[in-house]
Amino acid sequence: MSQSTLSSPVSGPRPGENTWLWLIKIVTGPLLVVVLGLHLTVNHYLGSMSSGLMTHDDVIRYFQNPIIPAIEILFLITVVTHSLLGLRGIILDMNPSRSVLNILTWLLAILGVSSVVYGISLALRIAAQGA
């Protein structure tokens, strides 16, 4: 079997995906695993009450630690970025026309930015309630 027919272990951007979007997707994947583990550990083991459930007042108190909103915001940005780039990749597999891909890219970008802005404002409002 010739070398050219073997699949390469190194991946690269798909047609229609630039290098920066591909690189962001590759970086956010492992980062997502790390931040998810941190989120689960901190929120569900270290930060939770003995019953495992937190009341509204517990959450407000919990968010007074500046590390907690930072972790949650990093988690939000990572999840939204990786998932929307993954969705765009799935759409690329359907071979849309260039104009349809441009429209969908803009719609996904608007959805992503608005979701992150809303999530950050929510996290900061929760943190500010106990101040």
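**Helices and burial in a predicted chain**

User: What share of the 131 residues in the chain is buried?
Analyst: Buried residues account for 28% of the 131 residues. Keep in mind that this is a predicted model.

User: What is the secondary structure?
Analyst: The chain has 4 helices and 0 strands. Read from the N terminus, the order of elements is α-α-α-α.

User: Take H4. Where does it run, and how many residues does it have?
Analyst: H4 covers residues 98-129, which is 32 residues. From first C-alpha to last it reaches 46 Å, close to the 46 Å expected at 1.5 Å a residue.

User: Which residues of H4 are buried?
Analyst: Leu 101, Leu 108, Gly 112, Val 116, Gly 119, Ala 123 and Ala 127.

User: And what do the buried residues of H4 pack against?
Analyst: They pack against H3.

User: Why would residues three or four places apart point the same way?
Analyst: An α-helix has 3.6 residues a turn, so residues at that spacing point the same way.

User: OK, H3 then. What span should it have, and what are its ends apart?
Analyst: H3 is residues 67-93, and its 27 residues at 1.5 Å each should span 39 Å. The end C-alpha atoms are 39 Å apart, so the two values agree.

User: What about just after H3?
Analyst: Asn 95 takes a positive phi there, about 50°.

User: Switching to contacts. Of those between residues at least 6 apart in sequence, what share joins residues at least 24 apart?
Analyst: That share is 72%.

Notes:
Residues numbered from 1 in each chain as written. Predicted model: local features only at pLDDT ≥ 70, side-chain atom pairs only at ≥ 80, totals over all residues. Heavy atoms only, no water. Helix = DSSP H or I, 4+ residues; strand = E, 2+ residues; numbered from the N terminus. Expected span 1.5 Å × (residues − 1). Buried < 20%, exposed > 50% of the residue type's maximum accessible area, 1.4 Å probe, protein only. Contact = heavy atoms within 4.5 Å.
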